[in-house]
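Dear colleague,

Please find below the structure that I am handing over to you. I would be grateful if you would read the notes after it with the coordinates open.

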Amino acid sequence: MTKIAILGYGNLGRGVECAVKNSPDMELVAVFTRRDPSTVKIQTAGVPVVHADDAEKWVGKVDLLIICGGSATDLPVLTPKFAKLFNVIDSFDTHARIPEHFANVDAAAKAAGNIAMISVGWDPGLFSLNRVYAESILANGKDYTFWGKGVSQGHSDAVRRIEGVKNAKQYTCPVEAALEAVRSGKNPDLTTREKHTREVFVVAKEGADLAKIENEIKTMPNYFSDYDTTVHFIDEEEFNKNHSGLAHGGFVIRSGSTGWNNEHNHIIEYSLKLDSNPEFTTSVLVAYARAALRMKAEGVTGCKTVLDVPPAYLSALSDEELRAHCL
């Protein structure tokens with residue numbers, strides 16, 4: 001049995017707990033938290049909740065640590081820190097900062113002789129794989145990625161970090177006209193702003209400067225500055241009634257052509273429709289945790305991404321079973 005520990009017990013941490021429960025080759029051995037452990041109640045009986053400051057005492061008792069935190073401020077600090085102690089995996093999703101995050105985690109993991117895997121989820125993650133597959137197959141073509149309509153956990157977390165924000169939920173919405181133009185094979189040139197809009201619902205703290213909060217949201221680099229963003233300020237009752245869900249999804253599309261004169265057109269489309277963004281994301285994390293440990297067993301150390309993993313390493317099935325049932 002693979003011994004899994006979780007760092008952070010919010011939506012992602014709870015999702016990991018469920019995914020581990022549904023994985024017959026894994027067991028949860030500890031949950032690390034930066035909160036008072038006595039205030040954190042988990043569902044798995046007999047598993048201790050431990051303060052993150054005491055995580056070092058668990059070195060040698062954990063095969064892999066799944067780090068559950070926000071990409072804005074948590075993961076850039078936590079993943080390199082804990083890669084010095086454990087094999088780790090995270091879901092860092094700020095695309096523009098992945099090279100920087102990779103370099104920091106790679107240095108920490110290699111120095112400790114551990115393996116780390118970053119940016120695991122569905123985008124980055126599964127969508128990244130499909131972009132590579134499609135581009136490799138249709139060399140003459142264009143890639144398009146659309147997200148939503150759905151809740152972005154990372155963007156919602158980034159808004160909640162703003163001073164004066166009590167709670168927030170951010171929805172990413174594809175522009176339907178742009179999506180239809182891509183599916184029809186028109187190969188349009190689309191800017192970031194032409195493909196998506198963003199809608200944010202904010203519960204502000206009493207006395208907060210609403211204009212300042214709105215401006216800080218709309219000008220936030222890597223998250224909102226490149227999009228048409230609408231900010232709604234609502235009360236807590238409306239937020240709890242209408243914005244408690246975590247559904248999401250999206251599409252990766254490549255439009256390309258083949259033939260001596262590129263006379264034949266093709267569309268490759270991969271889509272996801274998710275009832276629970278965090279539970280799906282953490283199911284991906286757990287599958288890649290299995291893969292990471294298989295790579296570690298082969299002597300691999302340092303930082304890796306989903307692009308480095310053989311597909312067979314994700315499955316609990318044997319190679320023979322995969323060839324018989326999936327090939």
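The notes that follow cover a sheet and its helices, then one further helix, and finally the salt bridges. Please bear in mind that this is a predicted model.

Three strands make up an open sheet, arranged in the order 7-12-13 with antiparallel pairing. Strand 7 (141-147) and strand 13 (264-274) are the edge strands, each pairing on one side only. From one strand to the next, the twist averages 10°. Seven antiparallel bridges connect strand 7 with strand 12 (residues 248-258); Trp147, for instance, has Gly250 in strand 12 as its bridge partner. Helix 4 (residues 126-137) packs on this sheet and touches strand 7, strand 12 and strand 13, its direction making about 5° with that of strand 12. Helix 6 (residues 176-183) also packs on the sheet, touching strand 7, strand 12 and strand 13, but its direction makes about 35° with that of strand 12.

Helix 10. This helix comprises 21 residues (277-297), which at 1.5 Å a residue should span 30 Å; the end C-alpha atoms lie 31 Å apart, in agreement with that expectation. Of its 21 residues, 15 are buried, so that helix 10 is mostly covered. At its start, a side-chain oxygen of Ser276 comes to within 3.3 Å of the backbone nitrogen of Glu279. After the helix comes Gly299, with a positive phi near 95°.

Salt bridges. The structure contains 17 salt bridges. In one of them, Asp74 is paired with Arg34, with the closest N and O atoms 3.4 Å apart. This pair links distant parts of the chain, 40 residues apart: Asp74 lies in the loop between strand 4 (64-67) and helix 2 (75-83), and Arg34 in the loop between strand 2 (26-33) and strand 3 (49-51). Asp74 counts as buried because its relative accessible area is 9%, under the 20% cut-off.

Lys110 and Asp106 form another salt bridge, at 3.2 Å from N to O. These two residues are about one helical turn from each other, because they stand four residues apart in helix 3 (residues 98-112). Asp106 is buried, at 14% relative accessibility. Elsewhere, salt bridges with shared partners join Arg34, Asp74, Asp157 and Arg161 into one network.

A further salt bridge pairs Glu100 with Arg97, the closest N and O atoms being 3.2 Å apart. Here Glu100 is partly exposed, at 42% relative accessible area, and Arg97 is likewise partly exposed, at 26%.

With kind regards

Notes. Residues are numbered from 1 along each chain as its sequence is written. This is a predicted model: local features need pLDDT of at least 70, side-chain atom pairs count only at pLDDT 80 or more; totals for chains, interfaces and linings use all residues. Side-chain values use heavy atoms; hydrogens and water are left out. The expected span of a helix is 1.5 Å times one less than its number of residues. Buried means under 20% relative accessible area, exposed over 50%, partly exposed in between (1.4 Å probe, protein chains only). A polar contact is a pair of N or O atoms within 3.5 Å; within protein, one must be able to donate a hydrogen and the other to accept it, and residues adjacent in sequence count only if both atoms are side-chain atoms. A salt bridge is a side-chain nitrogen of Lys or Arg within 4 Å of a carboxyl oxygen of Asp or Glu. Two strands pair if DSSP finds at least two bridges between them. Axes are lines fitted to C-alpha atoms, for helices over the stretch in contact, and angles run from 0 to 180 degrees between N-to-C directions. Contact means heavy atoms within 4.5 Å.
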